[in-house]
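Here is a short report on one protein chain. Take a look at the model before reading on.

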Amino acid sequence: LPLAHFARSTTVRAEQAGALGGCSSLGMSVQDVLERKGYYDELVNVFETIRAKRAFLEKSMREEYEERTDVERDVAALKAKLIALRKAMLETQRAKMVNDTFLTELQAGGVRAFIALRKLKFASVPIAERARQVRDEFREGVLEERPDSPHAARKLGSSSENNHMSLQVKELSFLGSDDNQVPVRCYFGGGGDASAAPALVFFHGEGYVIGDLETHDWLCRSLAALSRVTVVAVDYRRAPEAKFPAAFDDAYQAVCWVAQGGLGGGPPRALGVAGDSNGGALAIACCVQARDRDDGPEISVQLLFYPWMDLRPESPAMLQAETNEQAAFLADLDWSRSVYAPPFPEPELREEDEEEAGAPVVAVLHPLGADGRPWFEDPRASPLLTESLADLPVAFIAYAADDAVACESVRLAERLREECGHDGVHTLHMQGPLGHGFVKNSDQPQAHACVAAAAAFLSMAVRGPASPSRRKA
């Protein structure tokens with residue numbers, strides 16, 4: 001061997017000998033070092049085995065998780081298909097029920113057959129399109145000036161001829177349910193404060209679909225001018241954009257807002273509600289709600305112009321018509337009810353459905369309320385069906401003899417006399433031909449007479465002594 005290599009080998013052996021000598025000096029023999037090295041090697045092997053097992057378990061868990069995710073995805077897809085199938089089955093059953101109803105109505109003849117034929121006539125027209133059309137036609141018909149009428153261009157509260165009845169008009173709004181802004185139009189005496197006088201919250205009519213603040217401006221302005229009461233007209237949400245109970249929710253919140261001082265300057269001295277057609281129903285429903293809630297506002301009076309208070313498709317009013325005009329009007333009411341109806345709930349797959357996979361799917365013709373009854377039997381939609389009308393505010397009811405729903409005004413007056421006493425209701429029965437909706441038409445002398453009577457009744461009710469039996473405890 002070369003001398004350099006021999007020298008390095010000698011050096012390594014010397015270092016190993018020194019190391020062993022060092023171990024010996026620490027009391028460790030070569031055997032001890034070898035045993036400890038074997039222990040460390042075994043420990044390393046154990047760790048490697050554990051690491052391999054952990055990697056295997058992680059891989060297995062990951063595969064099981066992915067498999068479970070795939071299964072859950074497949075189950076969700078199958079449930080979605082099942083729900084879609086149930087929805088299709090419900091729609092098919094519902095369509096069959098509608099067709100059977102059409103046939104029954106056609107076979108019945110009379111007004112029911114007329115309404116069925118009118119439904120078929122407009123069945124192909126999208127609801128939103130028809131709503132837009134009837135709104136435009138109604139506004140044009142109400143707001144047009146008729147030169148042959150001495151009252152057409154005359155607005156109480158703004159005319160120079162009636163400057164002693166001058167009014168101020170203010171546009172306001174409040175925050176309603178679902179964070180929606182509800183516009184209101186406030187009519188109050190000139191030079192005064194909107195909250196200084198008693199307040200009347202007014203709800204326009206026209207079947208929850210058509211009317212607005214402009215179409216009923218003359219009526220609200222006249223009531224405010226003649227009664228010297230602050231009138232607050234509510235532009236509640238309409239169908240088909242907003243379904244039941246959106247209109248009622250906005251109406252009742254408007255009453256509470258005014259009662260709590262929403263007009264500024266504190267709560268009004270007295271509070272009343274009013275409305276025509278379905279707006280009258282909203283007014284009554286608000287009175288019932290205020291009576292039944294512990295925190296409900298105290299309402300002194302209600303002005304009801306030909307209220308439409310029973311939305312059932314087979315209500316007494318819907319089954320009788322003396323003229324073709326009345327039959328056409330009832331058909332329009334039936335369409336308005338169907339547009340205002342809440343949507344059918346989406347079908348759900350529950351555990352009991354999974355256990356009874358063969359259970360039949362049963363459809364209903366009309367959406368149901370929380371109590372299981374059809375939605376139009378809810379007192380918020382049909383206040384005439386309210387179990388009790390006791391302790392409601394004193395009421396003024398005006399209607400025309402030839403109104404297709406006059407029977408509902410008659411029935412309401414009868415119930416109020418029975419449940420609230422003879423002084424609980426005052427009626428104004430107008431001779432025709434006037435039909436439904438006459439009070440907002442400024443070109444009709446009967447409308448002026450009716451508004452004057454209502455304003456006088458309102459002024460007396462909010463300024464005279466309140467009946468103790470109708471005060472909230």
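## Burial and surface

Buried means under 20% relative accessible area, exposed over 50%, and partly exposed in between (1.4 Å probe, protein chains only). By that cut-off, 42% of the 473 residues in the chain are buried. The accessible surface is about 25100 Å², computed by the Shrake-Rupley method with a 1.4 Å probe. Carbon and sulfur atoms hold 54% of that surface.

This is a predicted model: local features need pLDDT of at least 70, side-chain atom pairs count only at pLDDT 80 or more, and totals for chains, interfaces and linings use all residues. Residues are numbered from 1 along each chain as its sequence is written, and side-chain values use heavy atoms, without hydrogens and water.

## The sheet

The chain has eleven helices and eight strands. These are DSSP runs, numbered from the N terminus: helices are H or I with at least four residues, strands E with at least two. The eight strands form an open, mixed sheet in the order β1-β2-β4-β3-β5-β6-β7-β8. Strands pair if DSSP finds at least two bridges between them. β1 (167-175) and β8 (425-430) each have a single partner strand, so one side of each lacks a neighbour in the sheet. The twist averages 20° from one strand to the next.

Strands β3 (residues 199-203) and β5 (residues 271-276) run parallel, joined by five bridges. Phe 202 has Ala 274 in β5 as its bridge partner.

## Helices on the sheet

Helix α7 (residues 278-292) packs on the sheet and touches β3, β5 and β6 (301-305). Contact means heavy atoms within 4.5 Å. The direction of α7 makes about 150° with that of β5. Axes are lines fitted to C-alpha atoms, for helices over the stretch in contact, and angles run from 0 to 180 degrees between N-to-C directions.
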